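Keep the structure open beside you as you read.

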Amino acid sequence: MSARVLVIGASGGIGAALTEALRARDTEVTTLSRAADGFDVTDEASVNATLKGLSGPFDAVIVATGALEINGAAPEKSLRAITQKAMMDQFAVNAIGPALILRHAARLLPCDRRSVFAVLSARVGSIGDNRLGGWISYRSAKAAVNQIVHTAAIELSRSHPQSICVALHPGTVETPFTEKYLGRHPAVPPGEAADNLLRVIDGLTPDNSGGFFDWAGKAVPW
């Protein structure tokens, strides 16, 4: 029986590449995105109505939504640049959105076999790895989603003992999301990033649930 995977944020660079890579494996892929389906992670009613309408379970759910620059607000270079609106927008997209999706995880995942719920995070959300400062709102929202994923993993393990709920750092990927901020950072095409992420997902076990891993499968400090 073909695996079933739900990709949320499938119109973005990484989401589209993940969808293509999964279908190349003959995986049955269901996709959701704001561009194609009007699925808005910042709208609780939209999230609830859409996810309740899906017929599960899925062997994996991958949340590939996210934004670095929202409504023209660039990542802050200093504390003086913080604004309430920009920070709230970051949390709405990068933390609260995945949390609203995770509310449906128990119904979307099977109870009797291995399953994966993966949320794309970012290394800059690591508090332990923060040596440069800046990007306060984006960093904070990603740190928050890491905590959300870790907490969700604990709850899911009680009803879904074979489930794996993780945050994943895809590396720096060449997409419109990052093109203004690549600088001297090495970046990979979306297809390569998707292959890396799927390789990590394939190697995860329930013992890894609640963790934060990079594109190479290495644990990222909280």
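How many bridges join strand 4 to strand 5? Six bridges join strand 4 to strand 5 (residues 163-169), and the two strands run parallel. Within this pairing, Val119 stands opposite Ala167 of strand 5. Two strands count as paired here if DSSP finds at least two bridges between them. Strands of a sheet pair through backbone hydrogen bonds, in either a parallel or an antiparallel way.

Before going further, a word on what you are looking at: this is a predicted model, in which local features need pLDDT of at least 70 and side-chain atom pairs count only at pLDDT 80 or more, while totals for chains, interfaces and linings use all residues. Residues are numbered from 1 along each chain as its sequence is written, and side-chain values use heavy atoms, with hydrogens and water left out.

Now step back to the whole chain. The protein chain has seven helices and six strands, where helices (H or I, at least four residues) and strands (E, at least two) are DSSP runs numbered from the N terminus. Along the sequence they follow the pattern β-α-β-α-α-β-α-α-β-α-β-α-β. The six strands form an open sheet in the order 2-1-3-4-5-6, with parallel pairing. At its edges are strand 2 (28-32) and strand 6 (212-214), each pairing on one side only. From one strand to the next, the twist averages 20°; axes are lines fitted to C-alpha atoms, for helices over the stretch in contact, and angles run from 0 to 180 degrees between N-to-C directions.

Next, find helix 1 (residues 13-24), which lies across strand 1 (4-8), strand 2, strand 3 and strand 4 and runs at about 165° to strand 2. A residue of helix 7 (residues 190-203), Ala194, touches Ala17, Leu18 and Ala21, leaving aside residues up to four places away in sequence. Contact means heavy atoms within 4.5 Å. Ala194 and Thr19 are 175 residues apart in sequence, yet their C-alpha atoms are 8.6 Å apart in space. Ala194 counts as buried because its relative accessible area is 0%; buried means under 20%, exposed over 50%, and partly exposed in between (1.4 Å probe, protein chains only).

Buried residues in helix 4 include Val93, Pro98 and Leu102.

Finally, visit the loops. Most residues other than glycine have a negative phi, and most peptide bonds are trans. Asn71, in the loop between strand 3 and helix 4, has a positive phi near 50°, and counts as exposed because its relative accessibility is 67%. Trp135 has a positive phi of about 55° and sits in the loop between strand 4 (115-120) and helix 6 (136-159). A cis peptide bond joins Gly56 and Pro57, with omega about 0°; Pro57 is in the loop between helix 3 (44-52) and strand 3 (60-63).
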